[in-house]
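Hello,

Here is the structure I said I would pass on. Please open it first, then read the notes below it.

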Amino acid sequence: MSRTDCPYVDCREAKVTANAAVCPGCKRWLNRCGKCRTPNRSFANYCRSCGKGLPVLNEFWPASRGGAQRLSFSRQAAPVTLPDMKVEEIKVLRFSGRCRSLLAEDGYLFVVSDSGIIQVVDLNRIETEPYTFNVGGKIFAEPAVHAGTLYVGFLEDDTRDRGVVAAYTLGDITGSQPGVKLRWSLDLEGRPVQGLLPFGDRLYLNIGFKNARREIQYIENIGKENPSKPLTVDDGERISTLAANPPTGKVFFLSQKDSRLFVNIFDHSQGPHPEMESSQINGAPADFLEHIPAAVMGAKLFAVFGEQKHLCRIDTHSSSFDIKICAGVRNFALSGMSRQVIVNTTGIFSTIGNLQEDLIRGEGIVSGPVITRENMVVVGMRDGKIRFYRADNLAVQLDYQAFDADRKVLALATFKDMIAAGSQVGEARLLRIGPAGARAG
Ligand SMILES: [Zn+2]
Ligand SMILES: [Zn+2]
């Protein structure tokens, strides 16, 4: 039943060997069917041989805060062990505005500028010109890639609380004349902020207003041509970011009302249109920080609370406050499944269970940290550098000057042996890492 020809129309002749991740002929990415192993195109949703739905990645793009779980954790290991590492620049991208996000999925990198320009780079064929388009407004919320679609929220008019959310079908990006297709766009009451979270056939949105009010809204039937109108489900005094745990099908966020803290859950395992269930969390400080993403691992929700900026863990099964991990957290990334937490505060890393020994000063960290399969932690710095830490020994570091010293590194993403970094001044650089001594790559 399995097919071995290349899935791309302009190639097709090439025979693709079992388990190859790219076509040997056209060098494009191959999406393997879990059932018959047939290679399919990037962003395909169904197998072209057996028709079975292709798996949706739990991580929408490896190692960015934008994935469903907000883990910043890539399941791909970096192919090096620090300090034996060499960094080589392989591509530079320029655009207007600041780099808002970098998303890597299905062999493509999406470079998102806050000015509304999006560039799409084929990571297996970086010599080809990136496909560039403009959504037509300013992007404040992290876009998302889900089931062959890019979801983007933006503002056409900066002075009004009226945003737009748009869905672009990505299938054509792999063609010989690359393109994206606008499937639908919807006007919003409010402005999309934080990150967009597509889950099942629903798109969850964190909505902000100029008077600082926040809402959670969702849109149904996002895979179709005509999605439903946005529905508001919560308008607490404070609302956290959204995070989801794909294995259990649950979407979470925290909200605060009258100094009481609630965990709110949509359970998609109960059907495609779940109602929201809310329960009060006892014993927790209510004042969580709104601008630091909440992250989820299984039934545990992680968020930052209070003036002391405590990173805390909440058990969503028992709706109870579980553990206060450490204070002074400005951003964080989780490594492994519940074992280790690596924290980026105003320049300090720590790991659970070994707090004192692993405290390291890393002045001027600006980007969220990224972890590659527990072997490396990568951060973007204020002075244009990227710093690499060995995860099992944070004292082993390597700095790489990616941009001029007056340019902050705002966004990072990883894909196999590549690291993408985006700066505040309309520039993103694609780097390849490899063992020192050998030619990188
Ligand atoms: Zn091919
Ligand atoms: Zn198949």
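F305 has H310 in strand 24 as its bridge partner. Strand 23 and strand 24 (residues 310–315) pair in the antiparallel sense over 6 bridges; two strands count as paired if DSSP finds at least two bridges between them. Strands are DSSP runs (E, at least two residues), numbered from the N terminus. The hairpin of strand 23 and strand 24 has 4 residues between the strands, and G306 in it takes a positive phi near 75°.

This is a predicted model, in which local features need pLDDT of at least 70 and side-chain atom pairs count only at pLDDT 80 or more, while totals for chains, interfaces and linings use all residues. Residues are numbered from 1 along each chain as its sequence is written, and chains are lettered from A and ligands numbered from 1 in the order in which they are written.

Elsewhere, 4 strands form an open antiparallel sheet in the order 9-10-11-12. Strand 9 (144–146) and strand 12 (181–187) are at the edges with a single partner strand each, so one side of each has no neighbour in the sheet. Within the sheet, strand 10 (residues 149–155) and strand 11 (residues 163–169) pair over 7 bridges, with G153 opposite V165.

Regards
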